[in-house]
Amino acid sequence: MKKVMTGLSLQEKMLESVDYLVDIVKTTLGPQGRNVLIDHSMFSPFVTNDGATIAQNIESEDAVINTILEITKEASLKTDEIVGDGTTTTLVLLQSLFHSCLKQIQAGKSPMILKKEMNHDLQVLIDKLARDKSVPNQKHLLSIARIAAKDEEIGTMVASVFERVKHQNAITIKEVSNTTLKVLYLTGYQCAIELASDYFLREQKSLSLSQAHVLIVQDLVSDLEPLHFILNDCMANQKSLVLLAHDFDEQVVKEMVSLNLEKALTCVLFKVADYGLHQRKIEKDLEVLTNAKIVLDYPSLSLENLGRIEEITFTQNEAILKFEKTPKINHYFSLLKEESKNLKSDFEIDFYQKRMAMIQNGLAEIWVGAPTKTEGHEKKMRIMDALGAINSANEGVLLGGGVALIKVAHELEGLSPVSITFKEALEAPFKQILLNAGLDVSSIQKEIENSNFEKVYNVNLEKMEEKESTTVLDPFSVLVNSLIHATSIATMLFTTSSLVINEHDNHLNKTNEYTEI
């Protein structure tokens, strides 16, 4: 049975839904924000202060509220997807915007005109924030990581790791069973592989070869005849051979294994464990790193196709190449960097960033543990927040603690009939941060405004700091994405006049007013 809810009943339900979600999440905002304990049907309960994670896990027995919740959550989840931080700020902005806009609509304002005016003012706000942003230095990045992690040790570690490897996608986080919090740096180029035969490992877990010859064939290696002069050269010079191809004839694999077993030649045959364009790009990386020349047509090869690698280590599923930087490799890195600027897909951006990190600075693995699994998981999420924040900060930084937002809020007077809507919303994160710390909002805000926004309040140190020396900063892209997504969902909600829903007797609250259709 379909049910419809309209008018004031729907607006009240929307308000209830938004407040139900945001009132839980906003208690986590700021350095003194608290945690939320979340039960999970598939995993152990866990503790977190990450806004997007909390929002994802909030549900209601009321099907109408749940429907509205799913729309409301999108603002936070989208911010998390793009910048990895600012998820709670997004929801705090959304709640204030929606409350204020609904009052205007109930007073007679056209929802569609209101939406148009808000989108106009939003762009003005973004331009004003862009005007105020500054280029971050290492001290700024350290501060941002510490604020996002709500922990000096974790923030310092994340900033140090990021400074070395340069890319968020070059850093993985591994939960361990002990109380460890440490970083492992992994140098070299790593790629997933498929060995042509397990015999190449010689019953070992891994095999390392130094100064090996490398041959890369983007074709089927169908027989050994074209390889004879290369094999003879390797044996005469006592060099190992690493042969990468798209595939190998079974007889070729058997004969190469025999050469290994007879100790006439140390060789390894393998394929890149990827497909299509990604496979070819990885092969291109290996070509540059080894100074080889890719063979496109198998029978047509020569000694000029051979490259050399300083060291390569094979396991069952992975190859790790260690190489010396050369002008050719540095130039290739520059080309990859330029190519990456035109990418749109997050998947492709991740793929490029990881490759560039391995070529330039290597990878990092953060091991995080704690006395309990619950605390370990909570630490991991704070590390992820810090990584997202520091990665976003590369686009510029602004005064933190909500001060950048209240500064532009004071420049909105008389801009448009909806300026008051944004003014109230822009002040909301600042006020919530102070409320969560149990501080006097009005007196602190007054002092900041009287300084012409040349001061900011450091909640952790409980004191005012000068703009030029403060460590209280926010990434520009985090604030902008928070504003964009909060405005987007707020306008979607207040321009909705009816809700059509499938009725399920065990979920719907019977006191709601519905119309059957």
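Predicted model: local features only at pLDDT ≥ 70, side-chain atom pairs only at ≥ 80, totals over all residues.

Let me begin with the helix pair. Two packed helices are described by the angle between their axes and the distance between the axes. Here, helix α1, residues 7-25, packs against helix α3, residues 63-83, at an angle of about 60°, and the two axes lie 9 Å apart. The arrangement of α1 relative to α3 is therefore oblique. The crossing of α1 past α3 is right-handed. On the α1 side, the contact is formed by Lys13, Met14, Glu16, Ser17, Val18, Tyr20 and Leu21, which meet Val64, Ile65, Ile68, Leu69, Thr72 and Lys73 of α3. By class, the residues of this contact comprise 8 nonpolar, 2 polar and 3 charged.

I turn now to the cores. The largest nonpolar core has 89 residues, and those touching the most other members are Tyr189, Leu215, Met256 and Phe314. Strand β7, residues 207-221, is the greatest contributor to this core, with 8 residues. What does Leu215 contact, leaving aside its neighbours within four places in sequence? Its partners include Leu227, Ile230, Leu241, Val295, Leu301 and Asn305. A separate core of 55 residues includes Ile65, Leu93, Leu114 and Phe494.

Finally, consider His485, which is located in helix α17, residues 476-494. Is His485 buried or exposed? His485 counts as buried, because its relative accessibility is 10%. Beyond its neighbours within four places in sequence, His485 contacts Ala75, Lys78, Thr79, Ile82 and Thr90.

Thank you for your attention.

How values were computed
Residues numbered from 1 in each chain as written. Heavy atoms only, no water. Axes fitted to C-alpha atoms, helices over the stretch in contact; angles between N-to-C directions. Helix = DSSP H or I, 4+ residues; strand = E, 2+ residues; numbered from the N terminus. Parallel < 35°, antiparallel > 145°, perpendicular 65-115°, else oblique. Left-handed = near helix turned anticlockwise from the far one by under 90°. Contact = heavy atoms within 4.5 Å. Nonpolar A, V, L, I, M, F, W, Y, C, P; charged D, E, K, R; others polar. Core = buried A, V, L, I, M, F, W, Y, C linked by side-chain atoms within 4.5 Å. Buried < 20%, exposed > 50% of the residue type's maximum accessible area, 1.4 Å probe, protein only.
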